[in-house]
Amino acid sequence: MDLCARLTAGDLDALADAYDRHGPYVYGVAVAVTGSQAHAEEVTQSVFVALWEQPLSYDPALGSLRGRLVSRALHESALRAKVG
């Protein structure tokens, strides 16, 4: 079963796999945009919580999971940088 199907099925190990594969990219983007490790940690957590809570919000036909997660991290980081 692929990662997206596992996430949709509520497989907690799938979330851990997604984090292991994509977490460093999400965090790296968040640090680069916010300039803050603390904000980057919050953004990273938010991105993966959203993936867990709404796995169907990702459509593989529109691009890679990494691309989706990094895009969300960019958006959330920009909002935090603008506010902070």
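**Note on threonine 34 and the overall fold**

1. The side chain of threonine 34 reaches the backbone oxygen of serine 36 at 3.2 Å. It also reaches the backbone oxygen of alanine 30, at 2.7 Å. A polar contact here is a pair of N or O atoms within 3.5 Å; within protein, one must be able to donate a hydrogen and the other to accept it, and residues adjacent in sequence count only if both atoms are side-chain atoms.

2. This is a predicted model: local features need pLDDT of at least 70, side-chain atom pairs count only at pLDDT 80 or more, and totals for chains, interfaces and linings use all residues. Residues are numbered from 1 along each chain as its sequence is written, and side-chain values use heavy atoms, with hydrogens and water left out.

3. Threonine 34 lies in helix H2, residues 12-34. Helices are DSSP runs (H or I, at least four residues), numbered from the N terminus. Threonine 34 counts as buried because its relative accessibility is 17%; buried means under 20% relative accessible area (1.4 Å probe, protein chains only).

4. What does threonine 34 contact, leaving aside neighbours within four places in sequence? His39, Ala40, Ser77, Arg80 and Ala81. Contact means heavy atoms within 4.5 Å.

5. The protein has four helices and zero strands. Its radius of gyration is 13 Å, close to the 12 Å that the globule rule gives for 84 residues, so it is as compact as a globular protein of that length. The radius is taken over C-alpha atoms; the rule is 2.2 Å times the number of residues to the power 0.38.

6. Buried residues make up 33% of the 84.

Note on methods: Helices (H or I, at least four residues) and strands (E, at least two) are DSSP runs, numbered from the N terminus. Buried means under 20% relative accessible area, exposed over 50%, partly exposed in between (1.4 Å probe, protein chains only).
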